[in-house]
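Trainee: Please put the model up, and I will ask about the ligand and the spaces in the protein.

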Amino acid sequence: MQRRYFVQLFILLLLFNSCKKENNTSCALNDALYSKADYPIGVAVEPYKLIFSTPYYNITASQFNRISPENCMKFEYIHPNQNQYYWDEMDSLVQFCKTYSKSIHGHTLIWHKQLPEWVLNFSGDESAWESLLKDHIQTIMLRYKQNIYSWDVVNEAFNEDGTLRNSIWRTKLGDRYIELAFQYAREADPNAKLFYNDYNLESNPNKRTAVLQYFDNMKNRGIEIDGIGMQMHVSLYSPDVNDIALSFQEITEHGYLLHISELDIAINIYKKLEYPSKEKFLQQADYLGKIVANYNQLNKQYQFGITFWGVSDADTWLVNFYNRPEYPLLFDNLYAPKSAYCKLLDVL
Ligand code: XIL
């Protein structure tokens with residue numbers, strides 16, 4: 001009996017929470033966020049949510065003009081077995097993007113996470129690993145050559161201290177796996193924009209310097225890379241906007257296109273809030289405004305665009321990843337625009 005009562009209470013709490021929204025935002029939903037910007041405004045999308053949620057579909061279609069596949073292009077999903085690619089989900093996303101004239105940013109070809117068992121257990125020699133890497137990159141890029149113009153070729157290859165991460169790729173192929181990946185990508189599509197993508201590049205100067213040195217050196221040896229993706233999973237509490245501005249300057253001064261590739265602004269990093277106060281949402285909006293204002297000041301030729309990592313707070317990866325309530329995006333749990341959205345309309 002007690003248990004039943006508890007379960008009922010839990011369900012009520014869940015319902016109550018999912019109905020909460022940030023009240024009195026200062027603006028209504030605009031026709032199209034992206035039409036305000038001089039560069040693409042992107043969002044990470046799960047194709048299955050486009051099917052099951054009307055508000056998710058409508059906001060994605062109306063507000064953003066660039067799409068990053070949130071998961072369905074990752075190795076474990078798109079290449080689950082050695083001789084089998086699974087295209088259906090990505091194909092459906094391409095269809096959606098065609099219908100609404102959105103560009104697609106391919107995320108992500110080579111990463112140490114979300115790998116299928118067959119890769120983890122693969123027991124070939126170095127040349128077999130090279131073929132595996134090449135086949136994976138080129139099969140995907142060639143299939144979507146007409147539809148995808150930019151790619152995260154390598155994701156998260158560096159440790160925080162600036163050394164190279166000991167991923168399975170590095171273990172099997174050595175440091176050169178990164179340049180091999182870029183070479184194979186370039187071979188598959190001479191016109192695509194090729195990116196290296198990582199986190200904490202705005203907050204950790206050691207990591208940023210190491211990344212810039214590595215890719216400057218690679219470029220000097222004639223291996224092409226076009227841009228750097230700064231994921232920017234930031235929070236209300238760090239990093240300081242001035243540090244962010246400095247990182248934008250440094251990366252573009254080195255001649256890289258700059259993609260803010262996975263932006264979200266966490267509020268609840270101390271896990272203390274059940275639901276944030278109005279003030280916290282305003283702080284979030286203000287912080288976003290400052291980030292974007294700094295991005296706007298960069299030389300236009302380097303502004304590749306800003307992508308948010310999820311449509312609404314109901315969709316953020318941070319909840320599962322850190323096991324806490326979190327509210328880091330432009331739309332609330334009910335897909336109503338938040339103060340951050342209004343601020344973005346103002347500053348774009
Ligand atoms: C995340 C997705 O959002 C989650 O749904 C998934 O469970 C794990 O990956 N850096 C990246 C993204 O490059 O691909 C990650 O996306 C978030 C961190």
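Mentor: First a definition: on a 1 Å grid over the protein atoms alone, a cavity is a set of points where a 1.4 Å probe fits but cannot get out, while a pocket is an open set with protein on both sides within 12 Å along at least five of seven lines; lining residues have an atom within 4 Å of a point. This is a predicted model, in which local features need pLDDT of at least 70 and side-chain atom pairs count only at pLDDT 80 or more, whereas totals for chains, interfaces and linings use all residues. Residues are numbered from 1 along each chain as its sequence is written, and side-chain values use heavy atoms, with hydrogens and water left out.

Trainee: Which residues lie nearest the centre of the largest pocket?

Mentor: The lining of the largest pocket divides into 14 nonpolar, 13 polar and 11 charged residues (Ala, Val, Leu, Ile, Met, Phe, Trp, Tyr, Cys and Pro count as nonpolar, Asp, Glu, Lys and Arg as charged, and the others, Gly among them, as polar). That makes a lining of 38 residues, and those nearest the centre are His233, Trp317, Leu318, Phe321 and Tyr322.

Trainee: Which element gives the largest share of that lining?

Mentor: Elements here are DSSP runs numbered from the N terminus: helices (H or I, at least four residues) and strands (E, at least two). The largest share of the lining of the largest pocket is five residues, and they come from α13.

Trainee: What takes up the space of the largest pocket?

Mentor: A molecule sits in a pocket if more than half of its atoms lie within 2 Å of its grid points. The space of the largest pocket is taken by the ligand.

Trainee: Which residues come nearest to the ligand?

Mentor: A residue is near a molecule if one of its heavy atoms lies within 4 Å of it. There are 13 residues around the ligand, and the nearest are Glu70, Asn71, Lys74, His107 and Glu262.

Trainee: How far is a polar side-chain atom of Glu156 from a nitrogen atom of the ligand?

Mentor: A polar contact is a pair of N or O atoms within 3.5 Å. With oxygen atoms of the ligand, the side chain of Glu70 gives a distance of 2.6 Å, and that of His107 gives 2.7 Å. For Glu156 and a ligand nitrogen atom, the distance is 3.2 Å.

Trainee: Which element gives the largest share of the lining of the largest cavity?

Mentor: The residues lining this cavity include Leu263, Asp264 and Ile265. Two or more lining residues come from each of β8 and α12 (278-296). The largest share, three residues, comes from β8.

Technical notes:
Polar contact = N/O pair within 3.5 Å; in protein donor to acceptor, adjacent residues only side chain to side chain.
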